Amino acid sequence: MVTVHNFSYGLLNPVLGYAVSCLGAFLGLRCITRARAYAGFDRARWLCLAAVSLGAAGIWAMHFIAMLGFTIPGQQILYNVPLTIVSMLIAIAVVGVGLFIVGFGDGGLRPLVTGGVIVGVGVASMHYMGMAAMIMPDSVHYNMPLFVLSVVIAVVAGTAALWAGTRVRSTRATIVASLIMGVAVSGMHYTGMAAMRVSMGSMAAMSGSTAVSFLVPLLVGITIITFAVTLVISLSPTEDEIHEDARLRDRIAADFSADKPASQRPQPAPAQPAWPPPAPSQPAPAPPPVAAAPLPTRHPSAGAFTGRAKIPRGPGRWGQPD
């Protein structure tokens, strides 16, 4: 058996890996809380962002930060670049599958358990594929009880993460859930490392990338992505704000459709003038002339005017005959 060291730099790697795992879990859970407030494509978009946060930062980055503390005295460990990148994609993919199963499920126990098993087995596969990506002259095998225990821890951690995504709402509860998930992910990793057994080998020629030339730049890239996700979350409305906006839109729509008095209805926008302008209308016809009152007529025999009032002739006074 070959002696290996999992803590070559003391507590630096486990503490830093745990912190990164908690940060990725926190960002992923905040994305899930926003996904719950949406439906359709908007929900899928936030679940994809949560899968990147949980899979790449919360799980894969923690795994390889801890791997930087793994050394074998007198040997140089190289890494298979394609296999390492595939392990990261597996972590993102399985977390995304689990989130979509639960996020678009009926909220029952079966989707939760199914998604948890898929996430757990996928995370364990990511871990042991990352271990297989190490290139060294010695041969590696695993203690079977500890190997099974690490897979069980991964399944429990995956199920707990999906359950927390359906229940956690406040920031304080999200922080607590993230701390617990960080413990679960770190516990799964170091249980798998404890199951590792290294025997003396005879491989001489090795080709691969060192941790400094490959893993460190990749981790820096994930850090930048994590910062971008943090910025997106901080600028987006919270779950409560999204629900409040939806209720406000529904209230406005109800007000428009309700039968309200004319004085309470919104005034329509002024009509735009037609182009070309309409032809001027014809003037209204003049009213018919009013018939004049009939003039008084002279009686032929009396020699006086007849009418409604007797009109005197000459210098006589009103009401007296001539």
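A: A disulfide is a covalent bond between the sulfur atoms of two cysteines. Here it is scored as a pair of cysteine sulfur atoms within 2.5 Å. The model is predicted, so local features need pLDDT of at least 70 and side-chain atom pairs pLDDT 80 or more, while totals for chains, interfaces and linings use all residues. Residues are numbered from 1 along each chain as its sequence is written, and side-chain values use heavy atoms, without hydrogens or water.

Q: How many disulfides does a search of the whole structure find?
A: The search finds zero.

Q: Is cysteine 31 buried or exposed?
A: Buried means under 20% relative accessible area, exposed over 50%, and partly exposed in between (1.4 Å probe, protein chains only). Cysteine 31 is buried because its relative accessibility is 0%. Cysteine 22 also counts as buried, at 9%.

Q: Where is arginine 34, and what does its side chain make a polar contact with?
A: Helices are DSSP runs of H or I with at least four residues, strands are runs of E with at least two, and both are numbered from the N terminus. Arginine 34 sits in helix H1 and is buried, at 4% relative accessibility. A polar contact is a pair of N or O atoms within 3.5 Å; within protein, one must be able to donate a hydrogen and the other to accept it, and residues adjacent in sequence count only if both atoms are side-chain atoms. The arginine 34 side chain makes one with the side chain of serine 236, at 2.9 Å.
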